[in-house]
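Trainee: I've got a model open and I'd like to go through it with you. Can we take it piece by piece?

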Amino acid sequence: MVELNEIDFLWVEEGQVRMKIPQFEKVTARAPVFFNPVMELNRDLSVAALSFYQQQKGEDIAICDAFGGSGIRGIRYAQEIKNVSLAVVNDLNPLAVELAKENIKNNGLTNVKACREDANLILRKCGGKFDVIDIDPFGTPAPYVESAAASLKAGGLICITATDTSALCGTYKKPCIRKYSAKPLRNEYCHETGLRILAGFMCRTFSKYKKYLEFQFSHSTEHYMRIYALVGKGAKNTDDSLENLGYIAHCPKCLNRQVFKGLTPRIPLECPECGQVPLVAGPLWCGEMQNSEFIQGMLDLVPDLKINREVEVIKLLEKCKEEAGAPPTFYDVHTICKKLKISASPRERVVENIQNKGYLVKLTHFNPNGLKTDAPLSVIEQAIRND
């Protein structure tokens with residue numbers, strides 16, 4: 001087995017911490033200690049989200065980083081977020097735990113504890129002790145959501161990352177069905193569908209414990225998806241929340257799509273626009289994925305956080321805030337133009353044309369050419385043709 005003193009290291013300054021990080025050419029789960037520099041944006045956003053959560057809560061919070069790796073996420077939480085009574089950095093890799101302890105000491109922190117434990121076991125053993133559980137594994141978070149659901153108390157915050165986007169986005173359908181008990185859909189809005197499949201899976205898992213989720217902020221960026229949700233409790237509220245589960249029926253011929261709520265809704269065998277057999281994705285979350293007040297709270301805190309990726313953080317948060325209140329899925333203007341065999345119209349003109357017809361239309365962080373709107377496909381096509 002490799003010893004810590006046999007590994008080459010470099011020093012990284014991120015947020016308000018200075019970390020000793022293993023040096024390697026490629027990010028892989030087989031690295032002696034896992035660290036992904038690309039996830040700095042993810043960690044910056046997490047610091048902003050947890051900072052606003054703590055501000056809302058108004059008291060000390062305890063955090064569990066279930067997959068700590070080098071310890072950078074948990075150490076940043078302890079250093080950069082006010083009133084963190086305890087941040088637990090957990091990892092099953094003994095080298096990671098050893099390095100995390102060294103990084104904790106180097107940053108002079110006393111409110112961080114590094115431990116070596118299976119993620120499911122530490123969540124079960126410490127049930128009710130954490131206000132925030134962060135699950136950021138290499139791959140799918142599916143095997144760990146159950147333990148988080150059992151242990152998180154009402155008022156807690158669950159933060160989950162999924163990097164198995166090839167499954168959630170429909171490139172590999174069987175793994176998605178196996179892991180999330182849902183069928184994905186490979187099309188122009190597959191990343192949103194994947195994010196909603198993950199949200200639906202979380203919602204169904206938490207419901208076993210008479211708990212429901214209120215999704216505050218979610219995004220799909222580069223190779224991963226990320227969700228932040230507050231936990232509520234109560235049978236009736238949980239039942240009401242489950243009414244937001246459903247399916248998306250997508251027509252591959254005319255691009256029309258419909259959302260059907262319910263676990264066993266009646267989905268037509270033919271597209272109402274062209275008669276083609278639709279493709280169906282789900283079950284998934286059909287409700288709200290963005291809370292504009294929560295995201296605005298994050299935006300208000302960003303200038304004081306001293307983060308390297310501030311410009312990117314603000315840009316993404318503003319786009320996600322814009323999506324609040326918009327219906328599920330979006331239309332890709334270029335995809336519609338390709339179907340119509342016409343040149344792409346300026347996005348601003350298309351938006352204006354749809355709004356002039358009295359419909360809601362918003363931009364989306366998923367795709368620079370995407371429009372979220374409650375307008376029917378025929379109106380969108382007219383807006384693109386500039387009719």
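Mentor: Strands here are DSSP E runs of at least two residues and helices are H or I runs of at least four, numbered from the N terminus; two strands pair if DSSP finds at least two bridges between them. Before you ask more, this is a predicted model, where local features need pLDDT of at least 70 and side-chain atom pairs count only at pLDDT 80 or more, while totals for chains, interfaces and linings use all residues. Residues are numbered from 1 along each chain as its sequence is written, and side-chain values use heavy atoms, with hydrogens and water left out.

Trainee: How many bridges pair S14 with S15, and in which sense?

Mentor: Strand S15 covers residues 370-373. Its pairing with S14 is antiparallel, and the number of bridges is three.

Trainee: Which strands stand at the edges of that sheet?

Mentor: The sheet is open and antiparallel, with three strands in the order S13-S15-S14. Each edge strand has a single partner, so one side of it is left without a neighbour in the sheet; the two are S13 (331-332) and S14 (361-363).

Trainee: What is the order of the strands in the open sheet that holds S10, and how much are neighbouring strands turned?

Mentor: Three antiparallel strands make up this one, in the order S11-S10-S12. S11 (257-261) and S12 (279-285) are at the edges with a single partner strand each, so one side of each lacks a neighbour in the sheet. For angles, axes are lines fitted to C-alpha atoms (for helices, over the stretch in contact), and angles between N-to-C directions run from 0 to 180 degrees. With direction ignored, neighbouring strands here are turned against each other on average by 20°.

Trainee: Which residue in S12 stands opposite alanine 249?

Mentor: Strand S10 spans residues 245-250 and runs antiparallel to S12, joined by five bridges. Opposite alanine 249 you'll find valine 280.

Trainee: Which helix packs on this sheet, and at what angle to S12?

Mentor: The helix is H8, residues 190-207, and it touches S10 and S12 (contact means heavy atoms within 4.5 Å). Its direction and that of S12 make an angle of about 45°.

Trainee: What is omega for the peptide bond between glycine 282 and proline 283?

Mentor: Most peptide bonds are trans. Proline 283 lies in strand S12, and the bond joining it to glycine 282 is cis, with omega at about 0°.

Trainee: How much space lies in the largest cavity, and which element gives the most to its lining?

Mentor: On a 1 Å grid over the protein atoms alone, a cavity is a set of points where a 1.4 Å probe fits but cannot get out, and lining residues have an atom within 4 Å of a point. Grid points are joined across faces, edges and corners, and a volume is the space filled by probe spheres set on the points. The lining of the largest cavity includes Glu192, Leu195, Arg196 and Phe366. The space is about 70 Å³, and the top contributor, with three residues, is H8.

Trainee: Is arginine 76 buried or exposed, and which side chains does its own side chain make polar contacts with?

Mentor: Arginine 76 sits in helix H2 (residues 72-80). Its relative accessibility is 0%, so it counts as buried (under 20%; exposed is over 50%, partly exposed in between, with a 1.4 Å probe and protein chains only). A polar contact is a pair of N or O atoms within 3.5 Å; within protein, one must be able to donate a hydrogen and the other to accept it, and residues adjacent in sequence count only if both atoms are side-chain atoms. The partners of the arginine 76 side chain are glutamate 14 at 2.9 Å and aspartate 44 at 2.8 Å.

Trainee: What is the relative accessible area of asparagine 83, and what is its phi?

Mentor: Asparagine 83 belongs to the loop between H2 and strand S4 (84-90). The residue is partly exposed, at 43%. Although asparagine 83 is not a glycine, its phi is positive, at about 60°.

Trainee: How many residues of S7 are buried?

Mentor: S7 runs over residues 157-162. One side holds Leu157, Cys159 and Thr161 and the other Ile158, Ile160 and Ala162, and both faces are covered.

Note on methods
On a 1 Å grid over the protein atoms alone, a cavity is a set of points where a 1.4 Å probe fits but cannot get out, and a pocket is an open set with protein on both sides within 12 Å along at least five of seven lines; lining residues have an atom within 4 Å of a point.
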